There are 2 protein chains.
Amino acid sequence: MNNWEQYVRKVTPYVPGEQPNSTNMIKLNTNENPYPPSPKVLEALSGFEADRLRLYPDPTASELVQALADYHGVNPENVFVGVGSDDVLAMSFLTFFNSDKPILFPDITYSFYDVWAELFRIPYQRPELNADFSMQLSDYYQENGGIVFPNPNAPTGLLESISAIEDILAHNKEVIVIVDEAYIDFGGATALPLLQQYENLMVVRTFSKSRSLAGMRIGYAIGNAKLIQYLNDAKYSFNSYTMNQTSLALGMASVLDQEYFEKTCAQIIETREWTKQELASLGFTFPDSKANFIFASHPDNPARDLFAALRKEHIYVRYFDKPRIDNYLRITIGTKEEMQILIDFFKDYMK
Amino acid sequence: MNNWEQYVRKVTPYVPGEQPNSTNMIKLNTNENPYPPSPKVLEALSGFEADRLRLYPDPTASELVQALADYHGVNPENVFVGVGSDDVLAMSFLTFFNSDKPILFPDITYSFYDVWAELFRIPYQRPELNADFSMQLSDYYQENGGIVFPNPNAPTGLLESISAIEDILAHNKEVIVIVDEAYIDFGGATALPLLQQYENLMVVRTFSKSRSLAGMRIGYAIGNAKLIQYLNDAKYSFNSYTMNQTSLALGMASVLDQEYFEKTCAQIIETREWTKQELASLGFTFPDSKANFIFASHPDNPARDLFAALRKEHIYVRYFDKPRIDNYLRITIGTKEEMQILIDFFKDYMK
């Protein structure tokens, strides 16, 4: 080690998931939306006034924030936007989880939570999910420095009920509780109504899944004004101008096209339910997903083998070589045609 | 204070500079480029394949990184990209300034350095610049946890020589030294050749000034491969997908159009030198700027008054109400026509 390395913050490098980029592939590995973004987004892109590129964007993202506030029936003071929900969550970990007590999140969950905790030196504990992947609520009654979990959970797809979330909130009024609703638009009930009663609740959303804008990196949080203000104070102290001009314009256009949004979400839900039936008839088991993916296991065919076999056919799904979930595939819901090809492959493979 | 606020990281909110947005204004307050980005950038925007928006961007930004590596004659392993140089610098503070010893930066400098230090709880000292705003090199010989300064400095515009920078490096081989070259393309000599000899040096650049892309938020750093790897490890642990699809495409297009870049930089330098002559003949004094702004003071007209008078005419410049610099205006170099209007205003005002 060189001397100058002595004060470097060393973290175990997080390796981003594979992003294959071949033609004719079927990409069901990163929970992207199979449909393009709203035609209004494409209009906003083609009509973008190029001279604005030389000017700094609005640091407050006021138009996008207002559009989101209107969409959710809250005030602009209740909305924070960031460069994808990862940016929103990273900034939230930095801002809210500033205690010596461990924060809590499930042992099987979004793989970034422990990465942020390690980066910011936040102590954490990971209560084990039940065998059916549901949360053991009493695990979250212990003293802690904050709580975060996705709902529906990733990679399981399992949705916790509003009463389960309220139970956790009722037991944790002293800390911030973050509900990461990246996948809520695919049929789950949102925790947003609980904001009326619990000012320590923050709900996080993303444009990457249900709004077909993974490529633009837009996420947001909704919470009480004081909490959002703390988050903005930290954000403005990190990078004032995070959202670029095109993100602001395209994000706005997406929020304003409710009809297209509802139509494509409904299509994905329909395809998901069809895929569940097909997978079940092939002998797969899976939690009853309310997300845009299915977390499936087969009694006779190891997930690792299926993953490798699919890959050979340029069908990409996600496999996690981790305890408790190393016999599951996380399969993103693509178009009906893509899912048909996947199912046909399984039928052929298991003949 | 509510109970849930107990573990919140509270920072003094940084208030982003004013971003007026009226028609017919002359905006010389945030060091934006008066010229639009390269026509190649506009082509990349209008030709952007919209279906890519639904897919995650390349987390390694490999094409943009390669283009920058080629441009600077280094390897891709030597290049880090981020959401503006603010993102690059914030991530660098988090990664590299992880000591109990104070980091060092000048008392008059980019106003974000102390904000990042406060955010990440990094101790810091601010050695005073000399009366002529040059750095007192011996101030940087003391034990420290790292060093950062812009060259040319902001808001003074003053350039330190390569030998001055090398002197600082020679006295500080134990820590990371960051040279923030946001304004280097307007006539300064870069510290990049020093990378051969000093592996603790990192040079930071931005697309916001010389590349007319403030609205897209693109910045980068160049340093030795190990240092860049540490930075990437931290970055991937914060947000894997920071650069969105449009930033990657437009940034690439900008780097590849060297001719337009050189032409517009030369135009700004020419206008700056003309503006210096005009300001001098009006009695203004200023450091000999090598940036795209001039930091000017007038013996008979308080900067505060000039700022207010200009504002009334919708001419926006920057005024800092801070010790030692509260009688200066930071005037961004606009088009020749804009600077003529500014000079005409001063002539009229001082009649």
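**Reading the interface**

Mentor: Start with one pair: Glu5(B) and Lys226(A) form a salt bridge through their side chains, 3.1 Å from N to O. The term means a side-chain nitrogen of Lys or Arg within 4 Å of a carboxyl oxygen of Asp or Glu. Before going on, note that this is a predicted model, where local features need pLDDT of at least 70 and side-chain atom pairs count only at pLDDT 80 or more, while totals for chains, interfaces and linings use all residues. Residues are numbered from 1 along each chain as its sequence is written, chains are lettered from A in the order in which they are written, and side-chain values use heavy atoms, without hydrogens and water.

Trainee: How many salt bridges are counted between chain A and chain B?

Mentor: The count is 2. Polar contacts are pairs of N or O atoms within 3.5 Å; within protein, one must be able to donate a hydrogen and the other to accept it, and residues adjacent in sequence count only if both atoms are side-chain atoms. Across this interface, 47 residue pairs are in polar contact, both residues being at pLDDT 80 or more.

Trainee: Which helix gives the most to the side of chain A that touches chain B?

Mentor: Helices here are DSSP runs of H or I with at least four residues, numbered from the N terminus. α6(A) gives the most, with 8 residues. That side of chain A divides into 45 nonpolar, 26 polar and 18 charged residues.

Trainee: What area is buried between chain A and chain B?

Mentor: Buried area is the accessible area (1.4 Å probe) that two parts lose on being put together, summed over both. Here the value is about 7400 Å², with carbon and sulfur atoms giving 58%. In terms of contact (heavy atoms within 4.5 Å), 89 residues of chain A meet 89 residues of chain B.

Notes. Helix = DSSP H or I, 4+ residues; strand = E, 2+ residues; numbered from the N terminus. Nonpolar A, V, L, I, M, F, W, Y, C, P; charged D, E, K, R; others polar.
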